[in-house]
Amino acid sequence: MRTALLLTLSAAVATAAPTKPVIALMPPSATDDELRDFGLMLEARAAELLEQSGRFSELHLKQVLAMADAEGLPVARLSEEATAKQARVFLGADRVVTVALSTDAKQMTLTGAVIDAKKTTRFNAKLPITWPEALTQGSEAVAQAVLATEKASLPKAPVAQPASKSPEALRALAQCYALVIRQPLGIDNPAVLDGEELDRASALCRKALEHDPSLRFAHAVLALARAIIGDAAGATAALNSLDEADDVVEPYTLARFWMVTRYQSNEAGLASLRAVLQRHPGELIARAYLADTQGLLNDQAGAEASWREYLAADPGSPFAWGRLSKALARQGRHDEAIDAAKKGLALAPTSKAARLELGSRLIDANKLDEAIAALRQLTDAKGEAVLRLGWAHWLKGDVAAAAPLFEKALATATGAGEWRTRGRAHYNLAMVHARRGDPDAARAALRASMQTGYKVRAVDPTLEAIAREVERADLQKEPKQAPRPSLVPTESSLVPFDPAGEPDLTRKKPAPPQGFIIYKF
């Protein structure tokens with residue numbers, strides 16, 4: 001009954017006409033790194049001003065960066081008009097905003113554009129050279145340019161974060177924020193982190209707070225940095241400096257959600273996001289995290305309902321259609337899942353991510369010829385996309401076609417966060433060698449898979465004897481040595497994941513750190 005009710009409600013929501021334009025601010029361009037970091041901070045304040053207006057649904061910078069990574073768009077060029085137009089389609093945004101900053105000895109110059117499907121509206125502003133005043137005036141110039149597209153304007157003397165009268169505080173905060181915001185923060189997959197970078201960012205945020213203890217945005221960014229790196233005590237201390245009124249500041253929202261889910265309960269984490277959406281329904285990142293978390297917790301009907309609500313706010317999102325397709329497939333509704341994935345691809349026919357979603361749904365439905373046809377069109381595919389194409393051939397029993405694709409996946413999955421893809425590629429090659437009757441090559445490939453840190457829950461029957469042999473040989477080789485350090489890189493995840501990339505929902509939550517506040521939503 002609950003599932004039927006959810007589907008009825010979500011279908012009704014999905015047919016409602018969207019009332020707010022969807023906007024996204026592209027990462028700024030600037031003449032040097034320091035000014036670019038300032039630009040990110042300026043855009044964060046502009047985004048808060050736009051959220052306060054209640055006139056838009058907003059895509060967060062993290063969503064923009066994730067899209068750029070998935071589509072292979074260079075982040076440094078997202079502020080260019082041609083690339084921004086591509087990004088608008090991939091994001092499903094009605095409008096994207098570009099910002100460029102330059103400076104001389106006397107002033108800053110801000111040039112920007114609001115780009116929609118039909119036109120580009122340019123704007124510019126001359127700003128003081130001093131950071132406190134430039135931050136306030138520049139963010140308000142960006143927000144006003146966007147509001148003008150709705151024939152609206154800012155209120156007099158608007159209040160938003162970040163803001164400070166201390167140039168030293170803002171310089172430290174700008175560096176901190178730039179380091180933290182580019183760290184990956186996925187829900188359904190663990191994210192490989194740069195611990196040294198996050199420690200450096202945390203030190204910079206603390207420095208900002210030394211110069212201006214009232215800089216609440218710095219507390220929020222510090223809380224997020226410590227939360228995702230696993231410093232529960234540090235995150236708690238930073239969160240306790242803030243309160244519910246700060247939930248318009250995205251880093252606070254994300255940090256609180258992360259900590260509540262990890263140390264209080266999954267239900268409380270979801271409730272924290274629902275509470276944010278009641279007050280700020282235009283925050284699309286909160287909608288995405290809610291739906292992804294429901295899927296992670298295997299509440300696929302709930303995830304489906306949340307993705308339909310996301311699509312009611314942003315019906316042009318290829319990403320959301322792809323995620324909806326996954327939730328449908330996990331419920332065994334493969335025809336509906338394929339239709340949803342096709343809708344996403346139709347919105348952005350050149351989207352690599354949307355095509356990969358369609359190929360994956362076709363594999364889920366065992367429509368292997370169609371999956372192969374879809375995935376073959378990813379002509380410059382690397383890593384995971386190639387691995388899935390190879391897997392479709394493998395499921396068809398075409399070992400000759402699968403093997404070189406597994407090799408290509410291994411050769412092109414070079415990023416730190418792609419270690420599981422490399423591990424699976426080695427493992428799949430071990431199965432290839434076993435199928436071909438070459439136990440020596442299978443043994444070598446399986447050992448290489450294990451050396452990445454990847455480990456399946458149940459070994460394929462063709463590899464069981466070889467796996468026992470490899471494990472026995474390793475034990476005999478190093479019987480008295482101290483335990484080897486983990487092969488798995490430092491990762492951040494909302495719930496524990498095993499080395500194969502599957503969530504472990506049975507593991508007991510760790511004890512909350514001292515001073516952790518039990519939240520009620």
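The side chains of Arg 333 and Glu 304 meet in a salt bridge, at 2.8 Å from N to O. Arg 333 sits in the loop between H14 and helix H15 (334-347) while Glu 304 is in helix H13, so this pair ties together parts that are 29 residues apart in sequence. Keep in mind that this is a predicted model.

**Charged pairs**

- Back to that opening pair: Arg 333 is buried, with a relative accessible area of 19%, and Glu 304 is buried too, at 1%.
- The count for the model comes to 32 salt bridges.
- Arg 77 pairs up with Glu 80, and their closest N and O atoms are 3.1 Å apart.
- Arg 77 is partly exposed at 44% relative accessible area, and Glu 80 is partly exposed at 36%.
- Arg 388 forms a salt bridge with Glu 384, with 3.3 Å between the closest N and O atoms.
- Those two are four residues apart in helix H18 (residues 383-395), so about one helical turn separates Arg 388 from Glu 384.
- Arg 388 counts as partly exposed at 28% relative accessibility, as does Glu 384 at 22%.
- There's also a network of salt bridges, linking Asp 188, Asp 292, Arg 323 and Lys 326.

**Rings**

- The model has nine aromatic pairs.
- In one of them, the ring centres of Trp 307 and Phe 319 are 5.5 Å apart and the planes are at 85°, which is over 60 degrees, so the pair is edge-to-face.
- Trp 307 belongs to helix H13 (residues 300-313) and Phe 319 to helix H14 (residues 318-329), so the pair links distant parts of the chain, 12 residues apart.
- Trp 307 is buried, with a relative accessible area of 2%, whereas Phe 319 is partly exposed at 34%.
- Ring pairs also bring in Tyr 310, making a cluster of Trp 307, Tyr 310 and Phe 319.
- Some rings have a charge over them: the charged end of Arg 171 sits over the ring of Trp 131, 4.3 Å from its centre.
- Likewise, the charged end of Arg 435 sits over the ring of Trp 394, 4.4 Å from its centre.

**The disulfide**

- A search of the whole structure turns up one disulfide, and it joins Cys 176 to Cys 205, with 2.1 Å from S to S.
- The torsion about that S-S bond is about -90°, so the disulfide is left-handed.
- It links distant parts of the chain, with Cys 176 in helix H6 (residues 167-181) and Cys 205 in helix H7 (residues 195-211), 29 residues apart.
- Cys 176 is buried at 0% relative accessible area, and Cys 205 is buried at 0% as well.

**The inside**

- The largest nonpolar core has 131 residues, and Met 26, Phe 38, Leu 91 and Val 142 touch the most other members.
- Helix H6 gives the most to this core, with 11 residues.
- Leaving aside residues up to four places away in sequence, Phe 38 touches Leu 101, Met 108, Trp 131, Ala 134, Leu 135 and Ala 174.
- Another core of 44 residues lies apart from the largest one, and its members include Leu 358, Ala 374, Leu 378 and Trp 419.
- Thr 98, in strand S4 (residues 95-103), is buried at 7% relative accessibility.
- Among the residues that Thr 98 touches, beyond those up to four places away in sequence, are Met 26, Leu 78, Thr 111 and Phe 123.

Methods: Residues numbered from 1 in each chain as written. Predicted model: local features only at pLDDT ≥ 70, side-chain atom pairs only at ≥ 80, totals over all residues. Heavy atoms only, no water. Phe/Tyr/Trp six-rings, centres within 6.5 Å; stacked < 30°, edge-to-face > 60°. Buried < 20%, exposed > 50% of the residue type's maximum accessible area, 1.4 Å probe, protein only. Lys NZ or Arg CZ within 6 Å of the ring centre and 35° of its normal. Contact = heavy atoms within 4.5 Å. Disulfide = S-S within 2.5 Å. Core = buried A, V, L, I, M, F, W, Y, C linked by side-chain atoms within 4.5 Å. Salt bridge = Lys/Arg side-chain N within 4 Å of Asp/Glu carboxyl O.
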